[in-house]
Amino acid sequence: MDILIAALIEMAEPLRLAMLVLGVLLGLMVGVIPGIGGIFGLTILIPITYGLDPISAFALLLGMASVTTTSDTIPAVLIGVPGTVGAAATVVDGHEMAKNGQAAQALGAAYTASMIGGVFGAVMLALSIPVMRPLVLMLNYGDLFAITVFGLTLVAMLSGSNWIKGLLAAHLGALVAYIGIDPYEGVERWTFGQVYLWDGVPVAVVFLGLFAIPELAGVLTRGQIQTTMLAPEPGGLRRGIREALRHWRLVLRSGSIGAFLGAIPGVGVVVIEWVAYGDAARARTDAAAGEPAYGKGNIRGVIAPESANNAKEGGSLLPTLAFGIPGSASMAILLGAFAVHGVVPGPKMLEDNSTLLVTMILTVALANVLGALICLGLTPWLARLARVPATSLVPLALVFVGIGAFYAAKDWRDLLLLGMFGLLGLAMRRLGWSRPAFALGFVLAPNLERFFFLSWQISGWNWLTQPVVLIFLAIAATTVLRSLGGWRKGRGERTKDTASKLDLGFTAAVLVVVLLAGGSLLGMPQAAAIFPAIVAGSALVFTLILIWQTGVPSSAGDGQGMVADLRFILIPGGLGVAILALGHLVGPLVFLLLAAWRFGSPRPLVALVQALVALAVVYAIFDLLVPQSWPQPWLWPI
Amino acid sequence: MKPFSLSLALVLSMGMAAKADTISIQVGYAPGGSFDLVSRLVADHLGAFLPGNPEVIVENVPGAGSLKVAKMLMADPATDGMVLGSVNPALALLPFLEPENTDFDPTKAHYIATMSQESSYCITPKSTGIETFDQFLQSGAKVGATGKASSTYSYPAAIKTAFGANIEIVTGFEGSAEIDLAMERGDLQGRCGITAANLVEADMLTRYTVLGEIGTTPSAVGPKAEFILDKVSDPATKAALTLIFSAADIHHPFIVAPATSPERVAELRAAFDAMVADPGFQEDAKTRGYLLGYRSGAEVDAVIAGLLATDPAIKDLAHQMVQ
């Protein structure tokens, strides 16, 4: 108790409180803007931390790192654009709720879950400290492999109405994830000779393309965020808070997943949020009466990932504190701050620096509370966005999506891939292919391969007899069998899918991709080819089953819808060309003015003001706050 | 069209203002590592020693162990040297360690300076009971590495071949944090390629035995350990191992594009020399926990010329040793 009071007194110093508030505000800002994440914030903060005492430095760094996953919910729910890669799972149900006029409720539930999850992560951290070293070392790569296998079985829960399409979507995600240098042999896989692809396809670009572009297309089609003209339901915010509290078991369960997986270096926030989302869906295979299905605006689909991704920060402090081993970039910087101030991490911190340790835990908890409260305060204003005309909202949102994607590598290929994944996302949405299943395959497949090869190199096949491995593989097998049982049972009840020529066309395109991918593996070293080959082989089988199941198409399909999708993709395509040709400032300006002219709304003067404000924001963030060397626009010489 | 033209002019001028006189240091790695640390240290001081006192910014462009930045610079036609790369020193060895890889040519890129000439070390957890380098060589130890292109692989691979050592290299770790945790867990018994700066972090020295020093000359500042090159008797093997270890001689290099004008290269080199001589810079480096081991551009050129002039047979041997 004395330590807690001493820590509170230390924290109460004005400079430290100011640093905490500054960190939180910056973290919230970084979370809201698509494409940039915690790393962006860290590059702003690093120079400041050198001159600060340890507690102030931690207040700033941890304050920022703790809340990016709170505010990234705002664009995820309102416009279907994940603010950071950690909010893609929140889009699935959160944005559906916004469409139904429940934006405030979704945001209220999300912030509450984030706050409780974040504080829970801090409490878990505090409880773990006396046993942190054995805890961090508890799981080896065999265990992690089995947990990843279990995570992949959650695809079954995210597959939507047609489980074969769901499984295939996960396979496609896995194949995309295997692009790059393989972890064992170090050979190039499907990189087309491009160094750009050596480290794989940028995660932020994939998620922005897959989720943001199709959802913005939907907003534009509807004319506004909501599907109906109804006013947002009154008291939605309070209802959201109550819902999160009512599902406290889920909040803590997802928080545990976040804190636990967060403590393992190499398991990032993208894995955590999707596993938490799938786990929530698994826990409710028989959806409660009156509860929307997952993917159709189920509030549990918002609560679970939001609780997990905020609890992660507490967990990720564990390896840093236990061994001085940084679990993430922010922890590496924190470790640098430790060294500068002569703090030695490890169990001895409990004796030597106990006050400092407690202030760190308090910082994580306080930042989460403060971040959620600020967001809650802003919600009534933000929820009004749901009624803003789409012709104003969508071009503006696209500018930030485009700049966010371009920021990844400042390479024209960022924008090309954004368009390609946008097109894929549009087609998947229209033809009923589960994008969450794709996401799960995409984030888990690389770990499956890496953990397998590490386990095999370290202990041959012995790891297969480890208790944790056996338990998780058994749970995974049970999940698969239960799903198979459910599908068989439901087969008789379901009406046969009315497949169209479009469905068949898309499946045929998938078949071609799978065949090309599989064929190109011939001649590659065996170890580099084995996992992609298994995925490609399995995908081939499922594609053929799907084609057989589809049979002769009964209709042409929603050709008009597809044409509308193709026309929509021209809009971000035009933005991409504008950015490349005219630069990251003039390009979006021209794009916004042309969009206003094309849509006939808003009025010219309003459009100009909006465009200039948007540009001022882009300029302030990407040129003043964190100056970048943007590539020279194509038309610069002219 | 009037509002349109006005805003265009405004934004263009904003763009111009942002472009003027800003030097960018592009780091080939993510924030938080030693390359990021040294680049930010340089960025905070370099501008004061260049004509016009330009602003110097840092951008992280991680990818392919910094080859991404290096390749981008190789193709950059600009002659003004406004973009500096902070890249892996082992790229200088690319022509003979990976002859098929032509993405980077150390003879064409201009090296401005290196901030460090730091040795690396082989370590083992104390719990393994391995106390000497000779014991380590016969221990059957598993040593962790990230990818086959990284020094965490090339150093132990070269040691394994040079000494006929009974060690195994486990590849596929995502970073040094994972390797260290696997050592703590007992899955691995060693790591080769950790720097002195990392070793003195936290309480590592109390938990690990430092087995050997990887470098071409013994370090004056690092922990005491057996100097690995001294243990090799065969002249050819020693020469090949020296070649592989020589990346340590230019540990944190800064490069500019091949197209950069000779005048600009000279200007940048002079600015680095003046910056490192400045007590304010030295004090700041100390505060940030950075171990300075400066070598000027001319010295780096000499090191690289020496490497590339090595007998082709030795280069081939070095190539084979890291496979």
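This is a predicted model: local features need pLDDT of at least 70, side-chain atom pairs count only at pLDDT 80 or more; totals for chains, interfaces and linings use all residues.
In strand S2 of chain B, Glu59(B) is the bridge partner of Gln26(B). The pairing of strand S1 (residues 22-27) of chain B with S2(B) is parallel and extends over 6 bridges. Helix H3 (residues 67-74) of chain B packs on this sheet, where it touches S1, strand S3 (83-86) and strand S11 (253-256) of chain B, and its direction makes about 150° with that of S3(B).

The sheet to which these strands belong is open and consists of 6 strands in the order S2-S1-S3-S11-S4-S12 (chain B), with mixed pairing. Strand S2 (55-60) and strand S12 (295-296) of chain B stand at its edges, and because each has a single partner strand, one side of each is left without a neighbour in the sheet. Further along the order, S1(B) pairs with S3(B) in the parallel sense over 4 bridges, and here Ile25(B) stands opposite Leu84(B) in S3(B). The pairing of S3(B) with S11(B), by contrast, is antiparallel and comprises 2 bridges, with Ser86(B) placed opposite Phe254(B) in S11(B).

A further open sheet of chain B is formed by 4 strands in the order S8-S5-S9-S10, again with mixed pairing. Its edge strands are strand S8 (191-195) and strand S10 (226-227) of chain B, each of which pairs on one side only. Strand S9 (residues 208-214) of chain B pairs with S10(B) in the parallel sense over 2 bridges, and the bridge partner of Gly212(B) in S10(B) is Glu226(B). Helix H6 (residues 151-163) of chain B packs on this sheet, touching strand S5 (120-125), S8 and S9 of chain B, with its direction at about 125° to that of S8(B). Helix H7 (residues 176-185) of chain B likewise packs on the sheet and touches S5, S8 and S9 of chain B, its direction also making about 125° with that of S8(B).

The contact between the chains draws on 51 residues from chain A and 55 residues from chain B. Together chain A and chain B bury about 4,700 Å², of which 66% lies on carbon and sulfur atoms. In chain A, the residues that lose the most area to chain B are Tyr50(A), Val195(A) and Ile458(A), which together account for 12% of what that side buries.

Polar interactions also cross this interface, with 9 residue pairs in polar contact between chain A and chain B. On the side of chain A that touches chain B, the elements giving two or more residues are helix H3 (38-49), helix H8 (132-136), helix H16 (329-340), helix H21 (435-459), helix H25 (559-599) and helix H26 (604-625) of chain A. The residues of that side divide into 37 nonpolar, 8 polar and 6 charged.

Over all chains the count comes to 27 salt bridges, and 3 salt bridges are found across the interface of chain A and chain B. Glu174(B) and Arg450(A) meet through their side chains in a salt bridge with an N to O distance of 3.7 Å. Glu59(B), the bridge partner of Gln26(B) in S2(B), forms a salt bridge with Lys410(A) at 3.2 Å, N to O. This pair crosses between chains, from strand S2 of chain B to the loop between helix H19 (390-409) and helix H20 (412-431) of chain A.

Methods
Residues are numbered from 1 along each chain as its sequence is written. Chains are lettered from A and ligands numbered from 1 in the order in which they are written. Side-chain values use heavy atoms; hydrogens and water are left out. Two strands pair if DSSP finds at least two bridges between them. Contact means heavy atoms within 4.5 Å. Axes are lines fitted to C-alpha atoms, for helices over the stretch in contact, and angles run from 0 to 180 degrees between N-to-C directions. Buried area is the accessible area (1.4 Å probe) that two parts lose on being put together, summed over both. A salt bridge is a side-chain nitrogen of Lys or Arg within 4 Å of a carboxyl oxygen of Asp or Glu. A polar contact is a pair of N or O atoms within 3.5 Å; within protein, one must be able to donate a hydrogen and the other to accept it, and residues adjacent in sequence count only if both atoms are side-chain atoms. Ala, Val, Leu, Ile, Met, Phe, Trp, Tyr, Cys and Pro count as nonpolar, Asp, Glu, Lys and Arg as charged, and the others, Gly among them, as polar.
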